[in-house]
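Open the model in your viewer and keep the selection tool at hand. We will go stop by stop.

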Amino acid sequence: MQLNGLLHGARLLGHVDFPTPEVLGPDASEDQIQTLIDRHGLIFIKPVFRGGIGKKGKAGLVGRARTLKEALAEKERLYFCEHRLGNAYAKANGVTFEAGVPAEHEVYFSIADNTLFRAPTMTLTHRGGIDIEELPKSDVAMVPFEALTGLKAFVVANALGDIGAPKEIISPLVQQLPKLWELFHHYGMTTLELNPIRMMPVSGGRLVPMACDFKCGFDRDDPRVSRLGLPDQIFAADVSAFEQEVNQLRTHQGQSDVFVINDKGTILAPTFGGGANSLVTEVLGEAAIISSDFGGNPPYEKMKAVASICYRHFLHQTNVLFIIGGKSNNTDILETFRAMGDALREHFAAHGPTPLHVVVGRGGPNLVRGMGNLSETLESLGLPYRFFGFDSAISEVVNHAKRVDQWMRAGGREEVAASLGLKPATD
């Protein structure tokens, strides 16, 4: 998740007229906070985290207040609070003040691309406000639907009927939830989650769904994301200087998705393709420096720039430069290998040689020409290398890279350094 909470979520939901409680941001004055309390009686104070991180309520990071004094005390407690959930860590920078919503019913709703169904999938339960994993499957509807037709009202109605939802909440949800497909589809989202939606009673006994929390993730390579006018810092949350540099190279062609796994690792693995990335990341473990996906047929200039950033940040500690991917359908192997080889030659010219073993596993258009070009570059630099084609099992190629890394750790690095004419390191 890249966006969390109602500070921006309420504005996004406003694009499709989905109801939300009244929300004030970190810059709210005391008079505004007092007026919010006067109107609603109860308000909630929530920290603003960059990026999505869950279970804030369980961690005691949601405050409530009925007076201005209580609200300001909660603001002081939560404004710069820290939250750790598993391996995820986040530090708040501000709070929101949100009107309390009285309700007897809470609903969980999400839309996400589901690899099981190979279709967008709605997940819905009338027992929201808690972790959905804690609920029995009979209380949760998971329904794929056709992306061309979108999320229709009858899909929501059937799902609520199947899980035995109270009759009084079905009609309001059937009217409002289909709007969320418009938000998901038209603005480049990959995940959208509202938990809880509180069913607020209004005049005449009707219930209105109010989104009391918001999370979503975006496909940053989808140009429709820019329609929302979101601030850039949302997408630069808790990232390293390396990740930020690569993110600035995002264009319509070629992916540039990176994440630093272990900044002390010894295998630098520029990876092409999401499936390859998953396998490489899992098998290499802590030896991997980065997790990446540079597929999507990046042009020469972009691939060279990405490779240069990778080399500048991590080549000095790298034992194995591991260029790996599946059999490409459209990525030009010659262009990507030529770009990565030229960037490596320029890095050596600017910073001097470094002991390195190169392992390559790839398939796709212009593979032979690409490997020929890269092998000429590596031989001119005096670096050892091993190439694998599309007929090699990718798992075995990854295991080979691990064995090379172990050999480099056990004295191979010194051998390569000697072949390059480098003096041994001294304490």
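A residue is called buried when its relative accessible area is under 20%, exposed when over 50%, and partly exposed in between. Keep those cut-offs in mind. The model is predicted.

**Stop 1: a nonpolar patch**

Select Phe-117. Is this residue buried or exposed, or something in between? Its relative accessible area is 34%, so Phe-117 is partly exposed. You will find Phe-117 in the loop that links strand E7 (106-114) to strand E8 (119-125). Together with Phe-117, they make a nonpolar surface patch of about 320 Å².

Stay in this loop and select Arg-118. Arg-118 also belongs to the loop between E7 and E8. With a relative accessible area of 77%, Arg-118 is exposed. Check its backbone too. Most residues other than glycine have a negative phi. Arg-118 is not a glycine, yet its phi is positive, about 55 degrees.

**Stop 2: the whole chain**

Clear the selection and zoom out. How many helices and strands does the protein chain have? There are twelve helices and 19 strands. Along the principal axes, the C-alpha atoms fill a box of roughly 85 × 50 × 35 Å. The chain has 427 residues, and 52% of them count as buried. Its accessible surface comes to about 20,200 Å², and 50% of that belongs to carbon and sulfur atoms.

Think about contacts next. Take those between residues at least 6 apart in sequence: 70% of them join residues at least 24 apart.

**Stop 3**

Select Gly-14. This residue is found in helix H1 (residues 6-14). Gly-14 counts as partly exposed, at 39% relative accessibility.

**Stop 3: strand E10**

Go to Pro-196, which has its place in strand E10. Most peptide bonds are trans. The bond joining Asn-195 and Pro-196 is cis, with omega at about 5 degrees.

Now select Glu-193 and Lys-215. They form a salt bridge, and their closest N and O atoms are 3.7 Å apart. Glu-193 sits in strand E10 (residues 189-201) and Lys-215 in strand E12 (residues 215-218), so this pair ties together parts 22 residues apart in sequence. Both Glu-193 and Lys-215 are buried.

**Stop 5**

Select Glu-346 and Lys-304. Their side chains meet in a salt bridge, 2.6 Å from N to O. Which parts does this pair tie together? Glu-346 lies in helix H10 and Lys-304 in helix H9 (residues 300-314), so the linked parts are 42 residues apart in sequence. The two ends differ in cover. Glu-346 is partly exposed at 44% relative accessible area, whereas Lys-304 is buried at 19%.

Keep H10 in view and select Arg-345 and Asp-342. Here the side chains meet in a salt bridge of 3.1 Å, N to O. The two residues are three apart in helix H10, so about one helical turn separates them. Arg-345 is partly exposed, at 36%. Asp-342 counts as buried, at 15%.

Salt bridges with shared partners join Glu-193, Asp-213 and Lys-215 into one network. Across the structure, the count comes to 14 salt bridges.

**Stop 4: two helices side by side**

Select helix H10 (residues 333-351) and helix H11 (residues 367-381). Their axes come within 7 Å and cross at roughly 10 degrees. Angles under 35 degrees count as roughly parallel, so H10 is roughly parallel to H11. Show the side chains at the contact. From H10, they include Ile-333, Phe-337, Leu-344 and Phe-348. From H11, they include Leu-367, Met-371, Leu-374 and Leu-378.

Select Asn-366. It lies in the loop between strand E18 (357-363) and H11. Asn-366 counts as partly exposed, at 31% relative accessibility.

Technical notes. Residues are numbered from 1 along each chain as its sequence is written. This is a predicted model: local features need pLDDT of at least 70, side-chain atom pairs count only at pLDDT 80 or more; totals for chains, interfaces and linings use all residues. Side-chain values use heavy atoms; hydrogens and water are left out. Patches are made of residues with over 30% relative accessible area and no salt bridge: like charges are joined within 9 Å, nonpolar side chains (Val, Leu, Ile, Met, Phe, Trp, Tyr) within 5 Å. Accessible areas come from the Shrake-Rupley method with a 1.4 Å probe; for residues, only the protein chains shown count as cover. A salt bridge is a side-chain nitrogen of Lys or Arg within 4 Å of a carboxyl oxygen of Asp or Glu. Helices (H or I, at least four residues) and strands (E, at least two) are DSSP runs, numbered from the N terminus. Buried means under 20% relative accessible area, exposed over 50%, partly exposed in between (1.4 Å probe, protein chains only). Axes are lines fitted to C-alpha atoms, for helices over the stretch in contact, and angles run from 0 to 180 degrees between N-to-C directions. Angles under 35 degrees count as roughly parallel, over 145 as roughly antiparallel, 65 to 115 as roughly perpendicular and the rest as oblique. Contact means heavy atoms within 4.5 Å.
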